[in-house]
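Work through the exercises below with the sequence and the coordinates at hand. Each task is followed by a solution in steps.

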Amino acid sequence: MSVKSWVRFGLVLAVPCVMVLASCAGKTGGADLAEQEMAEQLRQEEEAARLAAEAEARKAEEARIAAERLEREKAEAKKKAEEKAAFLNQHVHFEFDSFALTSEAMKVLDAKVAWLRNNPGVKISVEGHCDERGTREYNLALGDRRARSVKQYLVDSGIADARIATISYGEERPLDPAQNEAAWSKNRRAQFVIR
């Protein structure tokens with residue numbers, strides 16, 4: 001075989017090999033692009049999942065904060081209701097035929113002063129009451145002195161005079177209708193009403 005023939009033979013073998021190699025090189029580049037696209041899609045899905053998880057966590061935190069706020073508001077409302085009930089239901093009691101404030105009465109009034117300071121928009125009436133002994137007229141006058149005595153203590157403690165009205169019911173509204181000292185001591189009182 002001549003040299004020319006060998007060259008031709010070599011070319012015949014080399015061309016298909018080059019074509020096969022070029023074809024393989026093209027397929028590898030396509031596979032890389034597909035892998036890159038898949039990686040990008042995966043990255044986007046992971047980012048979307050991360051953002052969704054963050055949004056869910058934020059929503060849960062907002063719900064927790066709202067629940068805590070609601071609990072605080074309920075507790076505050078309950079506390080205010082209890083303090084108001086204590087203000088209204090704790091009476092100032094007096095000795096027989098007296099409108100002088102005892103040390104026990106002053107303690108009760110000090111608590112009422114604190115409540116009135118914490119509730120500056122509240123206006124009240126102080127009702128003066130007596131037991132059934134004595135004439136109706138005398139007991140109306142005594143009930144009035146008891147209510148005024150309480151009002152003066154509140155005013156002296158810094159509560160505005162205009163927030164406090166007084167009224168006497170004398171013996172007309174007893175807490176206990178029995179006719180004994182236990183009942184009479186309950187009925188000799190100053191009672192509070194929110195206007």
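The model is predicted, so local features need pLDDT of at least 70 and side-chain atom pairs count only at pLDDT 80 or more, while totals for chains, interfaces and linings use all residues. Residues are numbered from 1 along each chain as its sequence is written, and side-chain values use heavy atoms, with hydrogens and water left out.

**Exercise 1. Determine the strand order of the sheet and name its edge strands.**

Step 1. Strands are DSSP runs of E with at least two residues, and helices are runs of H or I with at least four, numbered from the N terminus. Two strands pair if DSSP finds at least two bridges between them.
Step 2. The order β1-β4-β2-β3 describes an open sheet of 4 strands with mixed pairing.
Step 3. β1 (92-93) and β3 each pair on one side only, which makes them the edge strands.

**Exercise 2. Describe how β2 and β3 pair and what unit they make with α3.**

Step 1. β2 (residues 124-129) runs parallel to β3 (residues 164-170), with 6 bridges between them.
Step 2. Within this pair, Thr166 in β3 is the residue opposite Val126.
Step 3. Together with helix α3 (residues 136-156), the two strands form a right-handed β-α-β unit. Right-handed means that, with the strands pointing away from the viewer, the path from the first strand over the helix to the second runs clockwise.

**Exercise 3. Locate Asp144 and list its contacts beyond four places in sequence.**

Step 1. Asp144 belongs to helix α3.
Step 2. Its relative accessibility is 24%, so Asp144 is partly exposed (buried is under 20%, exposed over 50%, partly exposed in between; 1.4 Å probe, protein chains only).
Step 3. The contacts (heavy atoms within 4.5 Å) are Thr166 and Ser168.

**Exercise 4. Is Asp131 buried or exposed, and which side chain makes a polar contact with it?**

Step 1. Asp131 lies in the loop between β2 and α3.
Step 2. Asp131 counts as buried because its relative accessibility is 3%.
Step 3. The side chain of Arg188 makes a polar contact of 3.2 Å with that of Asp131 (N or O atoms within 3.5 Å; within protein, one must be able to donate a hydrogen and the other to accept it, and residues adjacent in sequence count only if both atoms are side-chain atoms).

**Exercise 5. What is the nearest side chain of opposite charge to Lys112?**

Step 1. Lys112 sits in helix α2 (residues 103-118).
Step 2. Glu104 is the nearest such side chain, 11 Å away, and buried Lys112 has no salt bridge (a side-chain nitrogen of Lys or Arg within 4 Å of a carboxyl oxygen of Asp or Glu).

Methods
Lys, Arg positive; Asp, Glu negative; His and termini not counted.
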